[in-house]
Amino acid sequence: MTPEVRRRLHFWYGIFMSVLTAVVAILFISQAADIYYSGHEFTRELVAERCAAIAAPFWIWIAAIIIGGAVLSIYPLEKKKLKRLPDARGDVNRLTRLTAADKSEDSEFFELANQVHSENKRTRIIWYACLLICAVCAGIILGFAFNFEAYPSDPNEAVLRLVAVVMPCCAAAFIICCGVTIYDAVSAKKILPKAKRMLALGGRAPKENSNQNTAQRVLSSPLTLLVARVVVFALAVAFIIWGVLNGSMYDVFAKAIKICTECIGLG
Amino acid sequence: MKKILSKTGSFFKKIGLWFKNHAPTRRRIIQLYAALLTNANIKGLFTGRIYTGGTKNMCVPGLNCYSCPSTVGACPLGALQNALASSDTRTPVFMLGILALFGLMFARTICGFLCPTGLLQDLLYKIHTPKLKKSKVTRILSYFKYVLLVVLVIAVPLAFMFQDTPLPAFCKYICPSGTLGGAVLLLLNPANENVFGMLGGLFTWKFCLLALILLASVFMYRPFCRFICPLGAIYGFFNKIALLGVKVEKDKCVDCGLCVAHCKMDIKHVGDHECINCGECISVCPTKAIVWKGSSIFVKPNDLESENTVKVPLTNFVQPAPAAAATESGTVVTPDMADMQAIEGTAVCEAPSLSSSASAAAVMRKVPRRIYINEKGQKILKIVAVCLASLLLVGAIIYYNFFDVSAPNTFGVVAEVGDELPDFTVETYSGEAEQFTASEIQGKVLVINFWYTTCTPCLEELPEFIEAAANYRDSATFVAIHDVQITEDVTAFLAGREGNWLTNDIIFAQDSMQDNGMTVFETLGGTDYFPRTVIVDINGTITVCQDGKMDYETLEGHILDALNPADEEQTDITQNN
């Protein structure tokens, strides 16, 4: 089989499986929703009847997975060569770090350095603003979630109220973060050629300054890691022993041996 | 003939090669092993009953619902929520200790190797479809699981703790493991036919959510682990300090970025809080900079390390190391640590030759030999590990399926709807007498409710039962029988309820073993589901056996039916499915 034919086989099989998988999932979801919204009670017979109605596409899906999987493994595609993920901001930061900074006599270098610096500063301000908005959203979520007195007694109502507050805050934070990420990428792409030109003009710095400050050195040292591990281990063991003695281990057991129906979604 | 033979031979060779190339990886074998070990109670799938033995005191490391009939341990996430929900009576230190221990030992290696939910997603991802690749957007989305951790796992259970109603919100509204491993597997068993009557809006929502997560798993890698799982969020905090996992050796790393490009999780660098330590990046690193933590004991030291075992720091890249001072024993020593702070790095180099004219050196110290397990030792270690693991798995399966004594007694006669109520006696927490005997109730309806203190729907319906008990005081007796709790806790729990439940019209009692070798709960047909309500009419005939919550209107209807049992032909016998 030629590579082109294999590529087409993989492509069309992928499309076919995508559609079939989505159809099977939608069928299951629609049957469950239909039983509930039609007002019928869930019974074994009714569920079996509804499952029988969608059995054919389900078994076709299973067969397609098995047969298609076997065929595609016999005729695999060539593995694509791995490439570094595009990261313009990372490249700019790295190039800026590598560039020698002492070329103040070169006016073009000086101008490029100013432009890169001001663009970086602008991006940093935007990121701080994004961080502030995320912090505000987080504060709203925490304030609402931990305002225990305001919780209604009905759990469903409580969760719905939480969703009504948490989801918009999350959505806002998500949109802001996505927007700033896109801006950062665009801005980095704009100044990447300038950073490259700076490196060409200024040359490489004699030695990359890898000296860490004291705090970084302490945090990354093996001794800190060892101390952290020992402390966590000691705390874990102490808590477990305390838990056995104060009966909280028994609480785990008591909960795990009886089925609380609503806790697993039987309701 | 020769041609046919050679063609057949080459065909089988191709088949063999195909199997070799598509054999399960070590990681997949470990995932399957862990899934089987944590679900060793295979007989539960056939009986439809969950395991209730001693290992349920312990949590399995991954997300595996306790209500799955085959699971032999508790779920850490569910146990944490329940522990927080009960934190007014007991500090939830046991669960915090367990999570800290798992985090320290494995961190998110659990996600990559031990979690059955992760295994299911991995298998679904293998279905050949176009895949949604990771991006900066998915990286941002991956922080959503921290929101779920704070809101549903911590805040909501704590909030409802103050309302004396335990509510494991993540389990109830989101967790797909509970829906698939618990609800669906239990429903598939014909022995649990009565469970269908409990299904409603909550099950519909959870089932749809499960279907969406499974659908998403086909098109993107581990969507639940990346965006939803609070347990992964907790373990992610321990990734840096965990004993097991992958790490990058900085001196070998050239920052090519291929590890991040190959990884399907939303990592920024290998080993961060999103890394599930699956180890797939190890094979793509061109400089072999990514290794398993602790794997240096399997790496053969070079000649210098094996002889003098010194590490000589370089002062700079050009000048040779300072001549070492000869000691009386003839060993070579290294410059003091104080000098090394200004030095860029250390490297093994030739031990400098001893020179009698060498100038006095700085203060020196000796570096110990590195531990190394040779190839023979590694082979032995591998064989021992495989043997022990196999023994453990086989032993677990044999024990849980053939020797487990915790299985409920299914040999006694179980009363059903239409049967006469068997007599029983239980110790009471409230009421006038110290004991309650069923046969003493004559000419009145008897409502028996089975509950326990950490059961949310039980605690939601009991106030309605209390109201009904007050309204039908003269014609009905209500008894609420508690299961699995030490006596003192239940008394304190009941006294602490709003309105002091010890003083109302319901008789609270403690279940116990009866003469028939079963508890009252088992005698009246109870399996694993709570709450359960049994209603007995004025003639002593069981008319209702219902699993699941019962609202006031339904309860009242059943009481009125039981108060007026018609002729045998006209009796409206109600059984929940």
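Which residues of α2(B) meet which residues of α18(B)? That question opens the first exercise below.

This is a predicted model: local features need pLDDT of at least 70, side-chain atom pairs count only at pLDDT 80 or more, and totals for chains, interfaces and linings use all residues. Residues are numbered from 1 along each chain as its sequence is written, while chains are lettered from A and ligands numbered from 1 in the order in which they are written.

**Exercise 1. Describe the packing of α2(B) on α18(B).**

Step 1. Locate the helices. Helix α2 of chain B covers residues 26-38, and helix α18 of chain B covers residues 375-403. Helices are DSSP runs of H or I with at least four residues, and strands are runs of E with at least two, numbered from the N terminus.

Step 2. Name the partners. B:Y33, B:L36 and B:L37 in α2(B) meet B:A389, B:L393 and B:A396 in α18(B). Contact means that C-beta atoms, placed from the backbone, lie within 7 Å.

Step 3. Class them. The contact has 6 nonpolar, no polar and no charged residues. Nonpolar covers Ala, Val, Leu, Ile, Met, Phe, Trp, Tyr, Cys and Pro; charged covers Asp, Glu, Lys and Arg; the others, Gly among them, are polar.

Step 4. Axes are lines fitted to C-alpha atoms, for helices over the stretch in contact, with angles from 0 to 180 degrees between N-to-C directions. The crossing of α2(B) and α18(B) is left-handed: the near helix is turned anticlockwise from the far one by less than a right angle.

**Exercise 2. Trace the open sheet of chain B.**

Step 1. Write the order. The 7 strands run β8-β7-β11-β10-β9-β13-β14, with mixed pairing. Strands pair if DSSP finds at least two bridges between them.

Step 2. Find the edges. β8 (435-437) and β14 (542-547) of chain B each pair on one side only.

Step 3. Neighbouring strands are turned by 30° against each other on average, direction ignored.

Step 4. Inspect one pair. β10 (476-482) and β11 (507-510) of chain B run parallel, joined by 4 bridges. B:V479 stands opposite B:I507 in β11(B).

Step 5. α19 (456-471) of chain B lies across β9 (445-451) and β10 of chain B, at about 155° to β10(B).

**Exercise 3. Describe how chain B meets chain A.**

Step 1. Count both sides. Chain B gives 93 residues to the contact, and chain A gives 75.

Step 2. Find the main contributor. Helix α12 (201-219) of chain B supplies 10 residues, the largest share of the side of chain B that touches chain A.

Step 3. Class that side. The chain B side has 59 nonpolar, 25 polar and 9 charged residues.

Step 4. Look for strand pairing. β1 (259-260) of chain A and β12 (529-530) of chain B pair in the parallel sense over 2 bridges. A:C260 stands opposite B:F530 in β12(B).

**Exercise 4. Decide whether B:N374 is buried or exposed.**

Step 1. B:N374 is in the loop between β6 (364-365) and α18 of chain B.

Step 2. Apply the cut-offs. Buried needs 20 or more other C-beta atoms within 10 Å of the residue's own, exposed 12 or fewer, and partly exposed lies in between; C-beta atoms are placed from the backbone.

Step 3. Conclude. B:N374 is exposed because it has 10 C-beta neighbours inside 10 Å.

Step 4. Of the 577 residues of chain B, 42% count as buried.

Terms used: Contact = placed C-beta atoms within 7 Å.
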